[in-house]
Amino acid sequence: MSNQITKFIGIQKTGIIFSWLLCLLFSAVANSELQLASVPFSTYVSQNDGIGRLNDLIKEALKRSQIEANLSVMRPAFLGSGLSNESLDGDFAFLTLDRKKDNFVYSAPYLPLYLVAVSKRPFVKDIRTLAHLQDGRIAIENRFVNTDQLRLEKAIKWSRNPDTFDAFKQLADGRSTLLITSSLLLNEFNLLLSEHGETPLFSSPTPLLTAHFTVAIRESIAGAKDILNKFNKAIVQMQRDGTYNRLLQITWLLKDTDNDGHAEYISSADLLSDNSLAPQRNDAYALDNTPPAASPSYIIDGNKVSSWEDVMALLPARPREERKSLLDETIYSRMMRQW
């Protein structure tokens, strides 16, 4: 009888130890760092200590969501193999110009990307669709043209470039009369030109193509959908409370935050002063497709303000300063001298 009791107690202890080990295992899985990566993309995704606005947005959203993750930046081939062999858990700057994969789940879009046609000459203002590009030699970054969507545009003579600098240099050297780039990169390059007393580049009046950045993670990750739901909620909060403006270094954003059919102008007092001017629609970077009302509302650091006069009352008394370009001036200095 005593042997049976001893055996029973031993089984109980083994069961307790096994349960304890299982708890440790599940806890380790639940709390393990996500390994997220993306490819370098000037001013958007940075390797080392450069300007990487998407890196900053993702880090802040993950922090607010209490999601542990490590962000890496690597060459496209390494990113692809890491996602395939599951040494990486996902892509933190997946661009929807590529097809979504069935074994991944995706966040809500966290930033739109508007591709525009750019030229030194004003004729580009008449270009409104990709079909208008068929007769020219069009400079473009590999980051865009190697995507599933643009790879299908066989009628366009793409002049491919490994990075942003080479794409703009091709335009600067006259090897291409047109460049396809993002509106944010165009803004940064035009800031450089203005700093050097040069005429800003012209662009197509509307985007020729609109894509979005999302976070993609493998569906097999424990709680993948819950992770992305938390991330999405953090992004919505950040887009409203001025965090997006500060991290993107964009003074005005446009988004319908209350689903009333009218977009609000969103900003932060950190980027404004009592000399700031009331924004017009072209002054703002649209986060959705909703137009502002004829008498628009504003959101300053998360607080809704109904008139520009009330906005001015919130702003600090200091000179309004134009910020410098986020493109590395040292890298572009020779191009500017030869412009």
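Which helix holds both E60 and R64? Select residues 53-65: this is helix α2, and both residues lie in it, 4 residues apart, about one turn of the helix. Helices here are DSSP runs of H or I, at least four residues, and strands are runs of E, at least two, numbered from the N terminus.

Before going on, note that this is a predicted model, where local features need pLDDT of at least 70, side-chain atom pairs count only at pLDDT 80 or more, and totals for chains, interfaces and linings use all residues. Residues are numbered from 1 along each chain as its sequence is written, and side-chain values use heavy atoms, leaving out hydrogens and water.

Show the side chains of E60 and R64. They form a salt bridge, with the closest N and O atoms 2.8 Å apart. A salt bridge is a side-chain nitrogen of Lys or Arg within 4 Å of a carboxyl oxygen of Asp or Glu. The structure holds 12 of them.

D148 bridges to R151, with 3.0 Å between the closest N and O atoms. D148 is buried at 17% relative accessibility, while R151 is partly exposed at 39%. Buried means under 20% relative accessible area, exposed over 50%, and partly exposed in between (1.4 Å probe, protein chains only).

**Stop three: R323 and E188.** Their side chains meet in a salt bridge, 2.6 Å from N to O. R323 sits in the loop between α10 (308-314) and α11 (329-337), and E188 in helix α7 (residues 183-195), so the pair ties together parts 135 residues apart in sequence. E188 is buried at 1% relative accessibility.
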